[in-house]
Amino acid sequence: MNYRTVVMYVEIGCFVTCVCGWILVCSTMPLEYWTYSEVGTTVITSAHMFSNLWKDCTSDSTGMTDCKDFPSLLSLQMYIHFCRALIFTSILLGFFGDILALVGMKCTKLGGSDIINARVTFAAGMNYLASGLCAMFAFSWYGNRIISEFLNPTFPTQKFEIGAALFIGWGGSSLLLIGGLVYSIFAGQEGCKSSPTDQESLVYSAYGAPSSDVVGPSKPEYEHTPSPLPDIQEIKKMESPSKQLSKAYNKDEYV
């Protein structure tokens, strides 16, 4: 198994890893269990409160669930706005990373040369890295806010705990970071070695073809050096007067 085959299998594994991480990050958007809290009213009945970036919900032991969207956008706390923006940015970057990875991978054969494919794959890896960082920062910020409020003894309102959506988001962000890092390492080593123009100039110079990058000899070296032998036209010019003299001499001789 040569190096190119190994890189091809590594790219396939990284692509599957990054796509799975991107799907996990996308799945956290509609999930409602970003935070949850259990409020015991009586021994028989209890209420569950949970929320995400978009709404608050309440569920009781009878199975009735009531959800309410956030009433005002401007009344929300600032960290919720930042988390929304970061999650959307992560999803978009992961989508562009999927497209670039499909074009640049060695197994798809959609790009041009191996150098160009490696650079496209490197761009896909950087998109995956940026996507994972944005998602990890958003989930970590939201989780840190929940933990700080829970551990604060003077916090006045209901305290919440970390929901399942944050753990799913952390897992998806980790997959994006791992896949993007491996993508960037393998594709960067191959894509940053040389450019296609350099390889073409080497091929042309090896076969003797002219290239713009190859410096040829100066113009005076191509000038024709004078030959020590006289030219044919000069010999004819030298012979023509002698022939005329011989013709004139013969004519006077017979007169």
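**A salt bridge and its surroundings**

A: Arg 145 and Glu 149 meet through their side chains in a salt bridge, with 3.3 Å from N to O. The term covers a side-chain nitrogen of Lys or Arg within 4 Å of a carboxyl oxygen of Asp or Glu. The model is predicted, so local features need pLDDT of at least 70 and side-chain atom pairs pLDDT 80 or more, while totals for chains, interfaces and linings use all residues. Residues are numbered from 1 along each chain as its sequence is written, and side-chain values use heavy atoms, without hydrogens and water.

Arg 145 and Glu 149 are separated by about one helical turn, because they are four residues apart in helix H3. Helices (H or I, at least four residues) and strands (E, at least two) are DSSP runs, numbered from the N terminus. The two partners fall into separate cover classes: Arg 145 is partly exposed at 29% relative accessibility, and Glu 149 is buried at 17%. Buried means under 20% relative accessible area, exposed over 50%, and partly exposed in between, with a 1.4 Å probe and protein chains only.

The count of salt bridges by this rule is two. The other one joins Lys 55 to Glu 32, whose closest N and O atoms are 3.3 Å apart. Lys 55 belongs to strand E3 and Glu 32 to the loop between H1 and strand E1 (35-40), so this pair ties together parts 23 residues apart in sequence. Lys 55 is partly exposed at 22% relative accessible area, and so is Glu 32 at 24%. As background, side chains of opposite charge can pair when their charged atoms come close.

In soluble globular proteins, nonpolar side chains tend to be buried together.

What does Trp 34 touch, leaving aside its neighbours within four places in sequence? Its contacts (heavy atoms within 4.5 Å) include Phe 139, Tyr 142 and Ile 146. They also include Ser 51, Asn 52 and Leu 53, as well as Glu 161, Ile 162, Gly 163, Ala 165 and Leu 166. Thr 28 is on that list too. Thr 28 sits in the loop between H1 and E1 and counts as buried, at 0% relative accessibility.

Another buried position is Gly 180, in helix H4, with 0% relative accessibility. Tyr 128 is one of its contacts beyond four places in sequence; the others are Cys 18, Gly 125 and Leu 129. Gly 180 and Thr 17 are 163 residues apart along the chain, and their C-alpha atoms are separated by 9.1 Å.

Back at Lys 55, strand E3 (residues 55-60) runs antiparallel to E4, and five bridges join the two; strands pair if DSSP finds at least two bridges between them. Cys 57 has Cys 67 in E4 as its bridge partner. Four residues lie between the strands of this hairpin, where Gly 63 has a positive phi near 95 degrees.

Of its 255 residues, 30% are buried. Among contacts with a separation of 6 or more, 64% link residues 24 or more positions apart.
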